[in-house]
Amino acid sequence: MHAAQDPWIPTDERPTHTMELMEIWQTALALVKEQVAPQVFDMWLKPLRLGRERGDGRLEILAANDFSAVYIRDHYGNLLESALSTTAGRLCAIQFIVDPNPPEPAAATASPEPVARPSAPARSGVDGRYTFENFVVGSCNQFAHAAAARVADAPATAYNPLYIQGGVGLGKTHLLHAIGNALLRARPDGKTLYITSEKFMTQLVESLRFKQVHNFKENFRSVDVLLIDDIQFIAGKKATQEEFFHTFNALQEANKQIVLSSDSFPGEIEHLEERLRSRFSQGLVVDIHPPDLETRMAILKKKAAQEGMDLQDDVAFFLAEAIQTNVRELEGALIRVFLLASLEKEPVTMALVKESLRGTMRRNEPRQISMEKIIETVAAYYKIRPLDIRSDKRARRYSHPRQVAMFLCKQLTKYSYPDIAFEFGNRNHTTVLYAVDKIASQQQVDGDLEQVVTTLTAMLRK
């Protein structure tokens, strides 16, 4: 596998692929698809195109841009090369280049077709904006998504209750509304109700105040599907827990579906009655984790498409690395970028993104090992100055320690690639990505380098 250095080959000069070569390519892609996460395949590998077969036998793989070519080569190049070799029955070396004539997009991104959304009745409490179609599935949430989809397809036949646990802004509420929207679409005559636990409590208090408890009970116990968000807030509230206990029992006895969400597992909710804790756990409990890098990028790309904006891969990567907390904050950052682009009447560029995130890039709380300490330690070990590591000097005497320092910053701190790039003289974050991957790979074959990294790590952790 080699980097792209050759002159571009105009489309009309590329030889037509033989049917055999195209079949090998498609079969290899199918093999790769089984070995990576769905969002990884859709974002990085599916858009690739097969270029020409060179005179030396290498196959050119066409990527959309420089960033994609480098990123795919470094992260999935070996996997793709192996799949091609397996399919062809011979060694297939590949070379990634930028597609000089990329296919035209299917539709203009500036004015996308409006997304068809179910018209959720106001009384249902279901928000039509949140559907299964616009929920990005990744390794962090695929189990919860599958369980929610199963409930929407066949309520009260399995997973009853369904209990979804996850931190703030990870997609619990989205899944509850998605279930509601799917049911409203499939069973328009059924009664589906979404409500937060706080609103449940407020309505109970109002019903007691105005002596309308019967109406309250009838409203909640007559539904076919009850979706309760943030159920942890009923903990410690005796009257609310009592009423919800009876509502829960009534719905289960009538074979109706209950879906709950919480930021804690049932056994971790303090001041929750044991009988409720037991009932919450008797169905299926699933959890949602913070999204990984690929899922965060997929979320950004899908959100941008919904807003009719074009988001380049390098910009999506930068944002996904800079915002690692939750989906809500990630989407908020994207909205700030779009707003600034609209106000400045400029396209979404890396410079504009950095401007929009000014003041947030270094919000991470202090680490036990600082990047400054890492740079000082590496510089002392290699007998150079910290200023040399932060400089643009390209001699190996300086570039190698710089890459080692970048690698250690990524391994020993929780700073993102953009954070590290900023610390090393406001470089491009792809430079850090390259350095980290290079040192990680070299350690596997260079015992001396592995020992150096081990020694420096021990020094820093003292």
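Two strands count as paired if DSSP finds at least two bridges between them. Keep that in mind for the sheets on this tour. The model on screen is predicted.

**Whole chain**

Show everything as a cartoon. The protein has 19 helices and eight strands. Colour by burial next. Of the 462 residues, 48% are buried. Now think about contacts between residues at least 6 apart in sequence. In 73% of them, the partners are at least 24 apart.

**Stop 1: the three-stranded sheet**

Select β1, β2 and β3. These three strands make an open sheet, ordered β1-β2-β3, with mixed pairing. β1 (49-53) and β3 (94-98) are the edge strands, and each pairs on one side only. Look along the sheet. Neighbouring strands are turned against each other by 35° on average, direction ignored.

Zoom in on β2 (residues 59-63) and β3. The two pair in the parallel sense, over five bridges. Pick Leu62. Which residue of β3 is the bridge partner of Leu62? The partner is Ile97.

Helix α3 lies across β2 and β3, and runs at about 155° to β3.

**Stop 2**

Centre the view on β7 (residues 257-262). Six of the six residues of β7 are buried, so the strand is largely enclosed by the rest of the structure. Show the side chains. In a regular strand, side chains alternate between the two faces of the sheet. In β7, Gln257, Val259 and Ser261 are buried on one side. Ile258, Leu260 and Ser262 are buried on the other. Both faces of β7 are covered.

Next, step to the partners of β7:

- Select β6 (residues 225-229). It pairs with β7 in the parallel sense over four bridges.
- Pick Leu226 in this pair. Its bridge partner in β7 is Ile258.
- Pick Ile228. Its bridge partner in β7 is Leu260.
- Select β4 (residues 162-166). It also pairs with β7 in the parallel sense, over four bridges.
- Pick Ile164. Its bridge partner in β7 is Ser261.

**Stop 3**

Two packed helices are described by the angle between their axes and the distance between the axes.

Select α14 (residues 371-381) and α19 (residues 447-461). They pack at an angle of about 130°, with their axes 10 Å apart. That makes α14 oblique to α19. The crossing of α14 and α19 is right-handed. From α14 come Lys373, Ile374, Thr377, Val378 and Tyr381. From α19 come Val452, Thr455, Leu456, Met459 and Leu460. The contact residues of α14 and α19 comprise seven nonpolar, two polar and one charged.

The axes of α16 and α19 come within 11 Å and cross at roughly 55°. That makes α16 oblique to α19. The crossing of α16 and α19 is right-handed. On the α16 side, select His400, Val404, Phe407, Leu408 and Leu412. On the α19 side, select Leu449, Val453, Leu456, Thr457, Leu460 and Arg461. The residues in the contact of α16 with α19 divide into eight nonpolar, two polar and one charged.

Leu456 and Leu460 of α19 are worth a label. Both take part in the contact with α14 and in the contact with α16.

**Last stop: Pro386**

Select Pro386 in helix α15 (residues 386-390). Is Pro386 buried, partly exposed or exposed? It is partly exposed, with a relative accessible area of 31%. Leave aside neighbours within four places in sequence. Pro386 is then in contact with Ile375, Glu376 and Ala379. Finish by drawing a distance from Pro386 to Lys373. These two are 13 residues apart along the chain, and their C-alpha atoms are separated by 9.8 Å.

Key
Residues numbered from 1 in each chain as written. Predicted model: local features only at pLDDT ≥ 70, side-chain atom pairs only at ≥ 80, totals over all residues. Heavy atoms only, no water. Axes fitted to C-alpha atoms, helices over the stretch in contact; angles between N-to-C directions. Parallel < 35°, antiparallel > 145°, perpendicular 65-115°, else oblique. Left-handed = near helix turned anticlockwise from the far one by under 90°. Contact = heavy atoms within 4.5 Å. Nonpolar A, V, L, I, M, F, W, Y, C, P; charged D, E, K, R; others polar. Buried < 20%, exposed > 50% of the residue type's maximum accessible area, 1.4 Å probe, protein only.
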